[in-house]
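User: Please take me through this structure, and tell me for each label what it rests on.

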Amino acid sequence: MSQPRRLRVALAGNPNAGKSTVFNALTGSHQHVGNWPGKTVEKKEGSFRYRDLWVDVIDLPGTYSLSAYSPEERIAQEFITQEHPDVVVNVVDASNLERNLYLTAQLLEIGVPLIIVLNMIDVAEQLGYEIDVERFSQLLGVPVIPAVASKGQGLEALQASLYQAAQDPAQFAPPRALVQYEHEMERSVRQLTEALQALPDLQGYQPRWLAVKLIEGDAQAHALVAAAPGGEQVLALLEKVLDKLRRTYGEDVDVVLADARYGFVRGLIRQVLTLPKQPPHTLSDRIDQIVTNRWLGIPLFLFLMYLMFNLVQRVSAPYMDWIDSLFSGPVSHWALVALQALHAPDWLASLVVDGAIAGVGSVLVFVPSLMVMFFALAFMEDSGYLARAAFVMDRMMGFLGLNGRAFIPMILGFGCNVPAVYATRTIENRGARILTGLLIPFMSCSARLPVYVVFGMAFFGARAGLVVWALYLIGIATASLAGWILARWVFPEVHQSVFVLELPRYRLPTLQGLWLHTWEHTSEFVRKAGTVILGISVLLWFLLNLPWGVSDPKESYFGQVSGALAPVFEPAGFGTWQATGALISGFVAKEVVISTMSQVYVGEQQTTRFETSTAEPPSLKDDVRTAVVGFLKATRDAGKAFLDVLTPGVSLFPQDEGVRRQTALSRALRDAFTPLSAFAFLVYVLLYTPCAATIAAQTQEYGWRWAAFSVALGLSTAWVLAVAVYQVGRLLGWG
Amino acid sequence: MTSTPNMLMPLTMLPPGQVGRIVQIHAGQRLKQRLMGMGLAPGNTVRVLRDNGGPLLLAVGESRIALGRGMAHKILVQAVSDPIPRGEFVS
């Protein structure tokens, strides 16, 4: 009869305290990831059922304290004080009590019903810490639950405790003002508390908490009081109180408050924690002695990057080929068969197969490398290594006006710019994140390599390898220069931003955590970036096939637009409609450049697959078998590649067998380009917008304005350098 | 250690291994709040674990924190004579 009961729970805690692990363990796959309204901060919600109770869990951003100073902290504070969750579960790292309990002290002040989870209690025990959990709970008047979330220990107790809270959440509200301030400060806090109690509009807030926040100078608390009727008097009183406090403590009023909280925490720790006689030399510290070593740190990091780069490239490659063949083969084929059965007109069949299906295929083809990348990245982050890498690389990245955290996304850019853009999420400063995202496109991704190879073999013969290396270096040099300039002129605050980062204790990541992370981000890419790519593919199809009934690509809108834009590239030496058209289609993906070129130069008439498909259709059974066998083969190859990568002697530039066959194209290219204009063309390909997926990723991460800025930056930089190469080359008589 | 116990010095000058107590932080309110939340608060003790010339690697209680050199220069500490690494618990 009765409605199923629901309990709303917010998870709060420090970064690295294992909050996500608790969240994943509680909610399993029942979770939803979005963004907090108007913010780029990730919001995770989930739910689970315990007996007859549904519990909705909101994972607040990980914060070290609660204030209105960073978006994460503001979100956490606003949610707890204004959305009134029934209970807040504070996840605390049991092996690092002092720092973690600072946030707890603030939560106690808010007065919200609280349950404390002492996570990673096993680590604390290994270190020889003895925590008196019962005394802990008594002193604070709220439940304290020891747990090892990664192993599921303590979850049952937490669920039982939440079940109990559902009867009457107020029983877990901390009983009294636990944090006491120094004489003069305490008097001021009480004075303001009394004044605030008189305001009926603020009954939903703990007056003592509001009083402390007002003294701390918290803008959110200030706005709240200012909006309430009668608030002006309180604010007038605040001014008087602050005046007096400043006379006593100087300008550091907030320090006095923090000091009192740490005093409270230390007092608490003294009563509940027994330390071992001999301070332990932890494994984590021993690993750090090697990893952060002045001489070993950077080589070790570069080696790990090399491993990761190879994993992303090579383990995913067989799957990418498999998906590619699946879409160009059976999927297209059966779509045609279906359309034929429905008597669809030719143009519609072409739109579906050459436009939509090819578009979807070009989205899904990114999925394997994205999954491997997200998995490897999650592994490095969850294990604690990523923070060390940032520490080690900070000095080198300082040159670009970026701090150490930017290095990993940049390196990933050599594999594929799309995951690299997403990887900038690990950079906490927004300006630095955007700046890194703007530089990533200059990192030559693997999709550009085939273009270099085709031109390299047509024009540079034995020196092709050298040309390819030069292009990679030009990309790095351009990124360095652009970073140096942008950091000084567009993002001055990034240049001055302070590098402060916690290096969490090393731990073995859980498979569930890694998988959830991988799945979340990959599916997000498919949903968001996928729509954009699909749209552009369909648009390109229309441009190639309009005006109605056009047969020569030169006469199509695509050809006409290319022809109109061609003069722009005259100074760079490749102002033909074909080259321009290839560049335009390269906007969608660099993979398309070569195929467009063979279409427009060699004049390969696109045999409508409609006709060929009627010749001798393989049965559906055959196709399914081929697909499954293909997948198994891809898995075997990926496994081989994985082992290969872990053994030395791998080549960074696997020669693409497919391109060697394009001799007709080589001949055509030699007619259309000189070696100099070919090199200028390659420089352009290297530096302009990598692909639609990158634009989509940038839009998603930084907003469309920055994505547009990135496109403009790419187009202009590419043009300037291509022209410079061509003109200087001509002056030197190489043209 | 040769440093006299009462002398104030920037964190960058604290010899690696030596425990120091934070006395003052010269930073804007926003940054100061952030540092204090991470344990870098006046009254707490800190030890330099590694100084490669770039950012410092600090032990603050049980936490390990990487701090840019520029910021570390603006944190004033006092060397604590008792070099117990986790002095912060034996206040």
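Analyst: Domain bounds come from an automatic or database domain assignment, and on that basis chain A is divided into domain 1 (5-172), domain 2 (183-249) and domain 3 (302-731). This is a predicted model, in which local features need pLDDT of at least 70 and side-chain atom pairs count only at pLDDT 80 or more, while totals for chains, interfaces and linings use all residues. Residues are numbered from 1 along each chain as its sequence is written, and chains are lettered from A and ligands numbered from 1 in the order in which they are written.

User: Why are H21(A) and H31(A) called oblique to each other?

Analyst: Helices are DSSP runs of H or I with at least four residues, and strands are runs of E with at least two, numbered from the N terminus. Helix H21 (residues 464-489) and helix H31 (residues 675-687) of chain A pack at an angle of about 45°. Angles under 35 degrees count as roughly parallel, over 145 as roughly antiparallel, 65 to 115 as roughly perpendicular and the rest as oblique, and therefore H21(A) and H31(A) are oblique.

User: What makes E10 of chain A and E5(B) a pair?

Analyst: Strands pair if DSSP finds at least two bridges between them; E10 (residues 500-502) of chain A and E5(B) have 3 bridges, in the antiparallel sense. In one of them, A:Val500 has B:Leu67 as its bridge partner.

User: How many residues does each chain bring to the contact?

Analyst: Counting residues as in contact if their C-beta atoms, placed from the backbone, lie within 7 Å, chain B gives 34 residues and chain A gives 31. On the side of chain B that touches chain A, the largest share, 9 residues, comes from H1(B).

Conventions. Two residues are in contact if their C-beta atoms, placed from the backbone, lie within 7 Å. Axes are lines fitted to C-alpha atoms, for helices over the stretch in contact, and angles run from 0 to 180 degrees between N-to-C directions.
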